Amino acid sequence: MKIVLAGAGAFGQKHLDAIRAIGGIEVVSLVGRELDKTRAVAAKYAVGHVTADLGEALAQPGVEAAILCTPTQMHAAQALECLQQGKHVQVEIPLADSLEDAEAVAAAQRRTGLVCMVGHTRRFNPSHQWVHRRIAAGELAIQQMDVQTYFLRRTNTNALGEPRSWTDHLLWHHAAHTVDLFAYQTRSPITLAHAIQGPPHPTLGIAMDMSIQLKAASGAICTLSLSFNNDGPLGSFFRYIGDHGTYIARYDDLVDGKDRKIDLSKVDVSMNGIELQDREFFAAIRERREPNASVHQVLPCYRTLDHLEQCLSRER
């Protein structure tokens, strides 16, 4: 399968590593705004074509699909371009930074019938898969989720510590992971949502701290704390409090409430959530089916984010 990848930064390289591990996929074009840096990444991964123009990449012979790892503000427009050009597309999280744009992508998928998947990686991490399987088997029901998403981003840098040309966002990017995961794990729509935030950064112009409360139709609740001010352990930490057990997920690790490690080695073919996410995308294309984390499955998350943004606007 021939694909293009847009975005040669930190996350784009995670996908290139995953594709290399999967095999049977050829990245024929790498898209990036800074061509010198993009060429260096292309050389590392043996990608033969480099461009700053997504349309030029999509026009390469035999291209079936695209993976978008570009800045958030470009996601929806680029996803629409891919679908309009007849290409399957996986959009890294978030799908969009507005509900209107997210719904436009969903509508385009309906018109074209192409695979359109969003990178909600938590659905694929083996730690969260293990919990999900217990829930699906009727062995566990979530009563509460307590989630901490903490980074130190007082300057505009990416996951590699390099300067970023765009500004990240706690709500439309980082909260999206948990909002979607909460509904996915409770197997129940979110019925109540509220948010408050701290003061904006003087130069970045975004809130650096945020607190979100959610309630699902099942009665389960979720408390999410987010910060770009945290000078300590970095990342996202998920505590599941269930009727038959407590579990703490830290990316690819899972322990129970007594800190006993759970073996995840047999959950899936890899411990790498990005690789598992990409495997699902390619399998859905080959099998002509809807993928897990399709645009329609995750769209309720973006409706909740829109509601939370309105809460924060009223607060200001």
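These legends describe close-up views of a predicted model. Residues are numbered from 1 along each chain as its sequence is written. In this predicted model, local features need pLDDT of at least 70, side-chain atom pairs count only at pLDDT 80 or more, totals for chains, interfaces and linings use all residues, and side-chain values use heavy atoms, without hydrogens or water.

**View A. Leu214 in strand S9.** Leu214 sits in S9, residues 209-216 (strands are DSSP runs of E, at least two residues; helices are runs of H or I, at least four; both are numbered from the N terminus). Leu214 is buried, at 3% relative accessible area (buried: under 20%, 1.4 Å probe, protein chains only). Beyond four places in sequence, its contacts include Val179, Phe182, Ile190 and Thr304 (contact: heavy atoms within 4.5 Å). His194 is 20 residues from Leu214 in sequence, yet their C-alpha atoms are 6.7 Å apart.

**View B. The largest nonpolar core.** This core holds 100 residues (buried Ala, Val, Leu, Ile, Met, Phe, Trp, Tyr and Cys joined through side-chain atoms within 4.5 Å). Helix H7, residues 170-186, gives the most, with nine residues. Ile212, Tyr302 and Leu305 have the most contacts inside the core. Leu305 touches Leu171, Trp172, Ala175, Ala176 and Val179, leaving out residues up to four places away in sequence.

**View C. Lining of the second largest pocket.** H9 (295-315) and H7 each supply at least two lining residues. The largest share, five residues, comes from H9 (a pocket is an open set of points on a 1 Å grid over the protein atoms alone, where a 1.4 Å probe fits, with protein on both sides within 12 Å along at least five of seven lines; lining residues have an atom within 4 Å of a point).

Key:
Buried < 20%, exposed > 50% of the residue type's maximum accessible area, 1.4 Å probe, protein only.
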